[in-house]
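Dear colleague,

My notes on what was found in it follow.

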Amino acid sequence: MNRIMKSVDILAIVGIIIALYFAFIYAPTEAVMGAVQRIFYFHVSSAWIAFFAFFVTFICSIVVLINNNLFYDDIAESSAEIGVIFCTVVLITGPIWAKPAWGKWWTWDPRLTTTLILWFIYIGYIMLRKFVEEEDKKAKFAAALGIIGFIDVPIVFLSIRWWRTIHPNVLQQGGGGLHPDMLTALIVCVVAFTLLYISMLMKRVNIGVLQRKINLIKR
């Protein structure tokens, strides 16, 4: 297991280095926004990984409610925490990009608002786990919130199609007008962030399993 974790760590490090090259050197500079547009590669990649992390929490939460397997509860908790990290990156990089592009740090655009709500939902998920001490109840309550909270993910994704918004739709059919090299750089960044997510998840799950064993010994 340690060898697998080390291998994933190495792949994640190499992937991030390659992603930096593609984002800052390989991809051409956007004609209108200039160099600030390069934050797009990390902004979009973080959003997709946040969605994926919450999806893992959603699936594992269903398993927990079906068979009460606490190992899947550890995965659900770990993935939710990592998802919040990536969602936080989205909410930080978004305004940095928005200021020169829109002239404002923040606007209550449907995509931005629903993403902020998503962040609060999973902050609540983490807080819930801290306030409930009994393991079985904690797992079930958290699983219920992990399932219900995921409803906001497709809402965030589809918000630019359902409502009027100034947020760009760069992932529509045909690449959304992206230059082919930009699309390649985005794909490389998404792959690199996925490897980083897997690396973080394996470490966090391992910590969760060890913590559960320590709690059993204490009791």
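**Overall findings**

Of the 219 residues in the chain, 44% are buried (under 20% relative accessible area, with exposed meaning over 50% and partly exposed in between; 1.4 Å probe, protein chains only). Please note that this is a predicted model, in which local features need pLDDT of at least 70 and side-chain atom pairs count only at pLDDT 80 or more, while totals for chains, interfaces and linings use all residues. Residues are numbered from 1 along each chain as its sequence is written, and side-chain values use heavy atoms, leaving out hydrogens and water.

The chain contains seven helices and zero strands (DSSP runs, numbered from the N terminus: H or I of at least four residues for helices, E of at least two for strands). Its radius of gyration is 19 Å, close to the 17 Å of the globule rule for 219 residues, so the chain is as compact as a globular protein of that length (taken over C-alpha atoms; the rule is 2.2 Å times the number of residues to the power 0.38). The C-alpha trace spans about 60 × 40 × 30 Å along its principal axes.

Among contacts (heavy atoms within 4.5 Å) between residues at least 6 apart in sequence, 77% join residues at least 24 apart. Alanine 19 is buried, with a relative accessible area of 1%. Beyond its neighbours within four places in sequence, alanine 19 contacts Val188, Cys189 and Ala192. Alanine 19 and valine 188 are 169 residues apart in sequence, yet their C-alpha atoms are 5.8 Å apart in space.

Yours sincerely
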